[in-house]
Every structure is written in structure tokens, then in C-alpha cells.
Amino acid sequence: MTKPVIDPSAKIELVSASLEQQPILADLLELYVHDFSEFHPIELGEDGGFRYPGLHLYWSESTHLPFLIAIDDKFAGFALVRKGSRLSGDPNVWDMAEFFVLREYRRCGAGTRIAHEAWRRFPGKWEVRVMQANVSAHEFWERAIAAFTGQAIHSSGFEKNGVSWRFFSFES
């Protein structure tokens with residue numbers, strides 16, 4: 001498989017998602033959750049879709065921030081950022097709650113550029129969690145965080161509801 005190429009002059013943006021764009025983000029979440037079904041059993045809803053409980057909170061809670069990823073003005077993924085650690089409860093930690101880049105834009109640097117933009121936009125302590133079974137995502141976050149911080153980074157493990165997870169903690 002050949003590595004996708006994005007023109008170095010491509011405009012890659014992390015854009016705040018408006019309430020009117022919630023259906024777009026919901027559609028992208030369907031693809032994201034479908035990807036997760038490779039690592040974790042997820043059942044379709046009665047309507048034949050994968051749903052993301054609590055999506056509406058990203059437009060009603062000040063601690064929840066929804067973003068769309070755009071490459072040359074085309075939707076290419078999303079990032080859901082939250083304030084507050086899901087691990088320690090520390091309210092000052094930034095949490096990369098969900099992050100998704102369409103397959104055609106993976107492995108070409110777009111995801112790393114967007115992650116770095118999020119970390120620059122919201123300085124402070126960050127946590128990123130990834131299912132242990134999702135090896136490619138773990139490798140992505142390890143590379144992206146190391147490139148951002150300029151030092152090697154290692155994840156720690158934890159288990160929740162019978163699922164093994166890895167998490168990264170770092171300062172931006």
C-alpha cells in the first residue's frame with residue numbers, strides 16, 4: 001500500500017464545529033465508531049447506526065469542545081476535546097476525548113499537524129487515551145507527542161470495564 005501524499009501547501013485546519021455542523025460530526029463519528037468495532041465489540045443501534053452518547057454535550061457544556069478537521073476546505077475528521085481528566089479527576093487537565101482522521105488522510109502527517117495545533121491552542125497538561133488493542137493509534141500518539149514535546153514519551157496502562165487501555169500524559 002502506498003503512503004498517501006498531501007501537498008505541503010495544503011491548508012490543514014482545526015475548526016470549531018458549530019451547532020449547525022453537529023450532523024456532520026455525527027456522521028464522521030459513525031465512521032470512527034465503526035473503526036473501533038475492529039478492536040472492541042460494538043453493537044449497531046436499532047436504526048442500524050453507531051451512536052455516540054453525549055455528543056450533544058459538546059455544544060451545551062463549556063468543558064466540551066468540538067472541532068472538525070478540514071484539509072483544503074474538505075472535511076477530513078474531527079477532534080473532541082474536554083477539560084478535566086477522566087483518569088484522575090483533575091479539572092485542569094485537557095483530554096483528547098476522541099480523535100479521528102479519514103483513512104485517505106492517514107499516515108501523511110495531517111493528524112500530527114492537527115494534534116499539535118490542538119495542543120498549542122490549549123496549553124497545559126494533556127492526557128490522551130487509546131485502547132491497547134489499537135496498536136496503530138498507540139504508535140501514532142507516541143510519535144505525535146514525542147515530535148511535539150521533543151522527547152521520547154511512554155504510555156501507562158489501566159483497565160476499565162474489562163478493556164485494557166494505554167494513556168499518555170504530557171505538558172503543552
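Let us begin with a term: a residue is called buried when its relative accessible area is under 20%, exposed when it is over 50%, and partly exposed in between, using a 1.4 Å probe and protein chains only. By that scale D72 is partly exposed, with a relative accessible area of 43%. Before we go on, please note that this is a predicted model, in which local features need pLDDT of at least 70 and side-chain atom pairs count only at pLDDT 80 or more, while totals for chains, interfaces and linings use all residues. Residues are numbered from 1 along each chain as its sequence is written, and side-chain values use heavy atoms, leaving out hydrogens and water.

Where does D72 sit? It lies in the loop between β2 (64–71) and β3 (74–83). The names of helices (H or I, at least four residues) and strands (E, at least two) come from DSSP runs, numbered from the N terminus. D72 has a positive phi near 50°, although this residue is not a glycine. D73 is found in that loop between β2 and β3 too, and its phi is also positive, near 65°, again in a residue other than glycine. At 58% relative accessibility, D73 counts as exposed.

V15 is partly exposed, at a relative accessible area of 30%. Contact here means heavy atoms within 4.5 Å. Leaving aside neighbours within four places in sequence, V15 is in contact with P66, F67, L68 and A70. V15 and A70 are 55 residues apart in sequence, yet their C-alpha atoms are 7.2 Å apart in space.

Now for the interior. A nonpolar core is a set of buried Ala, Val, Leu, Ile, Met, Phe, Trp, Tyr and Cys residues joined through side-chain atoms within 4.5 Å. The largest one has 52 residues, and F78, M96, F99, W119 and W141 have the most contacts inside it. Not counting residues up to four places away in sequence, F99 touches Y32, I69, F78, A79, G111, I114, A115, F140 and W141. In soluble globular proteins, nonpolar side chains tend to be buried together.

How do the strands β4 and β5 run relative to each other, parallel or antiparallel? They run parallel, joined by three bridges; two strands pair if DSSP finds at least two bridges between them. W94 stands opposite W126 in β5. On its other pairing, β5 meets β7 in the antiparallel sense over seven bridges, and V128 has F168 in β7 as its bridge partner. β5 is mostly covered, with six of its seven residues buried.

Finally, follow helix α3 (residues 135–149), which has 15 residues and reaches 21 Å from its first C-alpha to its last, close to the 21 Å expected at 1.5 Å a residue; the expected span is 1.5 Å times one less than the number of residues. Its buried residues are A137, H138, F140, W141, A144 and I145. Seen down the axis of α3, these fall within an arc of 160°, so they line one face of the helix; the arc is that of the directions from the helix axis to the C-beta atoms. They pack against β4 (94–101), α2 (110–121), β5 (125–131) and β7 (163–171). Just after α3, G150 takes a positive phi of about 80°.
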